[in-house]
Amino acid sequence: MVKLTTNQLKLLLGFLPPALLILAALSLYCLFTRRRSSAAPVQDEERQRPKRAAAEREREEELTTFAGGEDLTISDILEAPGEVIGKSGYGTIYKAALERSSTVNLLRFVRPACSAGVEEVGEVIGLLGLIRHPNLVPLLAFYAGPRGEKLLVHPFYRFGNLAQFIRDENDDCHKWMVIHQISIGIARGLDHLHSGLPKPLIHGNLKSKNILLDRNLSPYISDFGLHLLLNQTTVQEMLEAAAAQGYKAPELIKMRDCNAETDVYALGVILLEILTGKEPVDEKPYAPGEDYYLTNTMRNAILDHRISDLFHPDILLSKYSDGSRVTEERILKFFQLAMACCSPSPALRPSAKQVVAKLEEISC
């Protein structure tokens, strides 16, 4: 298409009649008007794009709150000063002070690369947020960010976890009443997950680090159902970590196969930890009869009739409120229960409900 210069247009128009000049002027006006109007939407589009992007980001951010967390806002959670208190392959745990409410909460950040799909996560969060029990850590809120990041908000328990309590040789950790209180609380919380919900929920990663304590040394099970929020690769890594730490049942190969029996096995290991003061895995066993795994060490002690190795000696110094001392018979019943939970055969392990009943019987 040949384009006319300004001088050429003037020369051409000079030879045209007045009527044609008017028509030509009108045509040129319409042409330029169309060009300006066609450019206007483009300019409007450019101006509106940042606004739409911001609106989309707001829509992508979502905070779901549950009982106890109704007053939380996204700003409360994201702007809270945090202190890292734990890390894993799939996320980070923060102790965060929420300035507006002057409360301290536990924030669990789940890495986007480790998370399960959006639909799966949504269903699981809806379930976890409704679970309430005196021995389970409640989910107060769940934040989903625009880049796939996820934050779970829980209460913060100042006395730390059970593993720290045992390893620190706290004065209370060898008192029979404290041992019994913590043990039956854990068993009751696990029983609620297994039989107190419309559909049984398997913990999948029960260990002493996931048992939190309050100022009264009441136990609270944390991380239940967390494996359901993670992708299969991450879940398998979680299982491998549990195996290295001594909590994995011998028959468990894939996390998708975890069940009530594998949870009870881990409960048994925790009961042995509390009773003996020893870790589930001893990387450098040196005494006769000691093994890499605490469960095997205890079996060897039974075979060798080393009764004194079955529990911490200071437990015998414990006294009841009436001044009487705990008997060795009662302690050995507790030990037998823990070993039954750790049976190599899943069919021989008691249920969590049976563990609760047996612990109630031992306390009488």
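This note sets out points on the fold, the sheet, the aromatic pairs and selected residues of a predicted model.

1. Basis of the note. In this predicted model, local features need pLDDT of at least 70 and side-chain atom pairs count only at pLDDT 80 or more, while totals for chains, interfaces and linings use all residues. Residues are numbered from 1 along each chain as its sequence is written, and side-chain values use heavy atoms, with hydrogens and water left out.

2. Overall content. The protein has 11 helices and 8 strands; helices (H or I, at least four residues) and strands (E, at least two) are DSSP runs, numbered from the N terminus. Of the 364 residues, 42% are buried. Buried means under 20% relative accessible area, exposed over 50%, and partly exposed in between, with a 1.4 Å probe and protein chains only. The accessible surface comes to about 20200 Å², and 56% of this area belongs to carbon and sulfur atoms; areas come from the Shrake-Rupley method with a 1.4 Å probe, and for residues only the protein chains shown count as cover. Among contacts between residues at least 6 apart in sequence, 61% join residues at least 24 apart, a contact being heavy atoms within 4.5 Å.

3. An open sheet is formed by 6 strands in the order 1-5-6-4-3-2, with antiparallel pairing; two strands pair if DSSP finds at least two bridges between them. Strand 1 (62-65) and strand 2 (82-88) stand at the edges with a single partner strand each, so one side of each has no neighbour in the sheet. From one strand to the next, the twist averages 20 degrees; axes are lines fitted to C-alpha atoms, for helices over the stretch in contact, and angles run from 0 to 180 degrees between N-to-C directions.

4. Strands 2 and 3. Strand 2 is joined to strand 3 by 6 bridges, and the two run antiparallel. The hairpin between strand 2 and strand 3 passes through 2 residues. Across this pairing, lysine 87 stands opposite threonine 92 in strand 3.

5. Strand 3 (residues 91-98) and strand 4 (residues 103-110) run antiparallel and are joined by 8 bridges. Alanine 96 has asparagine 105 in strand 4 as its bridge partner, and alanine 97 stands opposite valine 104 in strand 4. In a regular strand, side chains alternate between the two faces of the sheet. The hairpin of strand 3 and strand 4 has 4 residues between the strands, and serine 102 takes a positive phi near 60 degrees there. Strand 4 also pairs with strand 6 (residues 150-155) in the antiparallel sense over 6 bridges, where leucine 106 has histidine 154 in strand 6 as its bridge partner.

6. Aromatic pairs. Rings of Phe, Tyr and Trp (its six-membered ring) pair if their centres lie within 6.5 Å; planes under 30 degrees apart count as stacked, over 60 as edge-to-face and the rest as tilted. The count by this rule is 3 aromatic pairs. Tryptophan 176 and phenylalanine 334 have ring centres 5.7 Å apart and planes at 75 degrees, so this pair is edge-to-face. The pair links distant parts of the chain, with tryptophan 176 in helix 6 (residues 176-195) and phenylalanine 334 in helix 10 (residues 328-341), 158 residues apart. Tryptophan 176 is buried at a relative accessible area of 1%, and phenylalanine 334 is buried at 0%. Tyrosine 292 and tyrosine 293 also form an edge-to-face pair, 4.9 Å centre to centre with 85 degrees between the planes. Tyrosine 292 is partly exposed at 35% relative accessible area, and tyrosine 293 is partly exposed at 32%.

7. Helix 10. This helix has 14 residues and reaches 20 Å from its first C-alpha to its last, close to the 20 Å expected at 1.5 Å a residue; the expected span is 1.5 Å times one less than the number of residues. Buried residues in helix 10 include Ile331, Phe334, Phe335 and Leu337. The buried residues of helix 10 pack against helix 6, helix 8 (260-276), helix 9 (294-303) and helix 11 (352-363).

8. Two loop residues. Serine 208, in the loop between helix 6 and strand 7 (211-213), is buried at 1% relative accessible area. Not counting residues up to four places away in sequence, serine 208 touches residues including Asn161, Arg167, Tyr247 and Glu273. Aspartate 282 lies in the loop between helix 8 and helix 9 and is partly exposed at 28% relative accessibility. With the exclusion of residues up to four places away in sequence, aspartate 282 touches Glu290, Asp291 and Tyr292. Aspartate 282 and tyrosine 293 are 11 residues apart in sequence and 6.3 Å apart in space, C-alpha to C-alpha.
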